[in-house]
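Here are some reading notes to go with the structure. Please keep the sequence and the 3D view open while working through the points.

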Amino acid sequence: MPTVLVLAEHADGALRPVTGELLTAARRVGTPAAVVVGAPGAAAALAGELAAAGAEKIFVAESPDADSYAVTPQVAALQAAVEAAGGAGEVAAVLLPNTVDGRDIAGRLAIRLDSGVIADAVDLDESVVATLSVFGGSYVVTSQVTQGIPVITVRAGAVTAEPVAGAGEQVPVQFTVDPATATTVTAVHTEPAGDRPDLAAAQTVVSGGRGVGSADKFSVVEQLADALGAAVGASRAAVDSGYYPHQFQVGQTGTTVSPQLYIALGISGAIQHRAGMQTSKSIVAVNKDPDAPIFEIADFGVVGDLFDVAPQLTQEVSSRKG
Amino acid sequence: MKPGMNIAVLVKQVPDTYAERRLKDDGTLDRDAGEAVIDEIDSRGVEVALQLAEQHGGEVTVVTMGPQRATEALRKALAMGADKAVHLVDDALAGSDAWQTSAALAAALRTVGFDLVITGNEASDGMTGTVPAMLAERLGLPQVTSARKVTVDGTTLSAEKLIDGGYAEVTAPLPALVSVSEKIADPRYPNFKGIMAAKKKPVQTLSAADLGLSNTGGANAASRVVSSAPKPPREAGQKITDDGTAGAKVAEFLATERLI
């Protein structure tokens with residue numbers, strides 16, 4: 001069986017859920033192997049979880065450089081892991097999460113491996129044919145790399161993780177970063193995400209739009225999200241009006257989400273918003289305007305005031321949980 | 001090259017995202033359908049380049065690869081204030097994938113010479129968003145993706161780049177490649193003087209042969225489309241008008257669908 005390498009996505013000593021999804025996709029094609037790039041000691045904290053998620057092998061690429069530079073450590077580490085796994089004849093694909101960094105790593109790695117690249121796959125079959133959902137889900141395209149080892153980024157939440165425990169055998173690999181082609185990270189500023197799940201990977205997303213009316217009133221969106229254990233999103237109109245921070249924007253120019261459930265509150269459903277959420281499995285929309293385009297794609301639509309409907313739903317959800 | 005900062009900006013003519021976009025039967029973009037405009041994000045890239053050149057001196061060159069009508073995108077950038085343009089145009093390049101596009105653009109950029117390359121962070125018509133990274137790797141450049149602020153001091157570039165949940169401060173030695181996010185400078189509108197001046201600015205055209213490119217075109221792509229089909233439109237489900245119990249009815253729907 002050929003090896004399929006998966007770049008482990010981790011932060012603060014914890015594995016991101018997309019890693020389990022990538023290992024599940026990898027198992028369809030060959031033997032899943034995770035590649036952990038991090039500061040010394042990073043892999044030890046993740047090894048148990050990676051094995052449980054399906055990694056037969058874990059390539060451990062640790063260096064103090066891993067956290068001080070952006071992108072190029074992962075590129076060099078994956079290149080080293082490809083060699084350690086036996087090179088082109090033995091490696092069937094390299095899978096990465098479709099994040100900003102994931103796409104950059106994939107692009108650079110593809111050039112180093114002289115390989116084709118496919119970005120933002122929503123599915124992958126056993127012959128490494130990737131399914132893409134393009135133009136915001138209005139076209140379904142299948143695509144295949146025809147040169148070198150396929151390098152593929154996969155959208156978070158698109159593949160359902162089905163963990164099959166693997167051996168988790170650890171294999172150290174060495175890599176070096178050339179400072180002339182490297183970007184140094186000098187500081188990172190992130191808002192504490194609190195207890196809410198990551199927007200891109202959440203199973204449920206509750207989003208508010210212009211209809212929410214103010215930053216203060218966004219609490220009605222947050223309360224429903226918290227009752228459902230969901231991430232909070234916002235339309236571009238809500239972000240541009242200053243109701244909610246930019247990093248929560250869902251749509252063509254924000255984050256693309258593909259959750260099991262998407263609840264749109266006071267969002268009209270402009271094409272640019274739909275492009276970022278219409279591959280959601282189920283869509284619920286609440287809007288005062290019966291002609292809002294969001295209703296055209298909603299599985300369940302409510303014409304009404306979100307300030308009546310959302311709190312009632314929040315209460316129902318909380319009471320059903322007991 | 002002039003003294004100061006020489007900046008190459010990649011621009012792309014794309015179908016208007018507000019209009020319908022279509023794929024042709026072979027899975028490539030139907031570039032004749034709908035209105036074509038300069039990618040909004042690229043005009044922000046031009047703006048950043050103009051501001052840096054105004055501060056540090058030097059020349060701004062806009063570069064595009066695309067059919068003849070892509071000249072319109074170049075003229076718009078020249079009208080904004082860019083000094084000259086390079087148009088890589090050749091039927092042999094039609095159907096290029098990200099791998100080939102990055103090879104062609106790298107070759108064109110080598111003929112231009114630069115201290116900094118600026119691109120949009122994701123062309124709104126593309127299916128990959130990997131071209132800037134591939135280009136940086138081919139040219140041996142450090143790369144900053146999704147920058148919302150860029151400054152240059154001597155041979156060091158400093159930037160704030162958007163990351164999941166916030167932003168990071170980064171530095172990189174020049175020459176470098178930066179892709180800008182929509183949170184960076186708003187593009188200036190070309191004025192009448194700029195539009196008139198643009199007509200006299202040099203636009204150099206290059207062919208695949210000029211750049212010594214081989215294995216071009218869709219038949220030699222490193223990835224290929226196996227199938228492509230419009231997705232059946234999502235059908236509207238049930239729609240109710242709130243009579244005071246809609247919240248409870250949504251909860252029932254979610255329970256039936258096993259979503260809660």
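1. What does the domain assignment of chain A give? The assignment lists domain 1 (3-184) and domain 2 (199-321). The centres of these two domains of chain A, taken over C-alpha atoms, are separated by 31 Å. Between them, 11 residues of domain 1 of chain A are in contact with 11 residues of domain 2 of chain A. On the domain 1 side, these residues divide into five nonpolar, four polar and two charged.

2. Keep in mind that this is a predicted model. For the complex, the predictor gives an ipTM of 0.85 and a pTM of 0.83. Chain B has a mean pLDDT of 86, and 87% of the residues of chain B reach 70 or more.

3. Next, the contact between the chains. Chain A brings 74 residues to this contact and chain B brings 65 residues. On chain B, the elements that give two or more residues to the side touching chain A include α3 (98-112), α4 (131-139), β7 (143-153) and α6 (246-256). Counted by class, that side of chain B holds 32 nonpolar, 19 polar and 14 charged residues.

4. Strands also pair across the two chains. Strand β13 (residues 183-190) of chain A and β9(B) run antiparallel and are joined by six bridges. Within this pair, Val185(A) has Val170(B) as its bridge partner. Strand β18 (residues 300-303) of chain A pairs with β13(B) in the parallel sense, over four bridges. Here Phe300(A) stands opposite Gln238(B).

5. How many strands form the open sheet that includes β13(A) and β9(B)? There are 11 strands, with mixed pairing, in an order that runs from β6(A) through β13(A) and β9(B) to β11(B). The edges are β6 (69-70) of chain A and β11 (203-206) of chain B; each has a single partner strand, so one side of each is left without a neighbour in the sheet.

6. The largest nonpolar core has 192 residues, and Val6(A), Val35(A) and Val9(B) touch the most other members. The element that gives the most to this core is α3(B), with eight residues. The core lies between domain 1 (3-184) and domain 2 (199-321) of chain A, because both give residues to it. As a general background, nonpolar side chains in soluble globular proteins tend to be buried together.

7. Is α4(B) largely enclosed by the rest of the structure, or largely open? Seven of the nine residues of α4(B) are buried, so the helix is largely enclosed. Among the buried residues are Val131(B), Met134(B), Leu135(B) and Glu137(B). What covers the buried residues includes α5 (100-113) of chain A, as well as α3, β6 (116-120), β7 and β10 (176-180) of chain B. Just after α4(B), Gly140(B) takes a positive phi of about 65°.

8. Is Pro290(A) buried or exposed? Pro290(A) has 11 other C-beta atoms within 10 Å, and it counts as exposed because the limit is 12 or fewer. Pro290(A) sits in the loop between β17 (282-287) and β18 of chain A. The C-alpha atoms of Pro290(A) and Val91(A) are separated by 53 Å, and the two are 199 residues apart along the chain.

Terms used
Residues numbered from 1 in each chain as written. Chains lettered and ligands numbered in written order. Predicted model: local features only at pLDDT ≥ 70, side-chain atom pairs only at ≥ 80, totals over all residues. Contact = placed C-beta atoms within 7 Å. Nonpolar A, V, L, I, M, F, W, Y, C, P; charged D, E, K, R; others polar. Pairing = 2+ DSSP bridges. pLDDT = per-residue confidence, 0-100. Core = buried A, V, L, I, M, F, W, Y, C linked by C-beta atoms within 7 Å. Buried ≥ 20, exposed ≤ 12 C-beta atoms within 10 Å, placed from the backbone. Domains from an automatic or database assignment.
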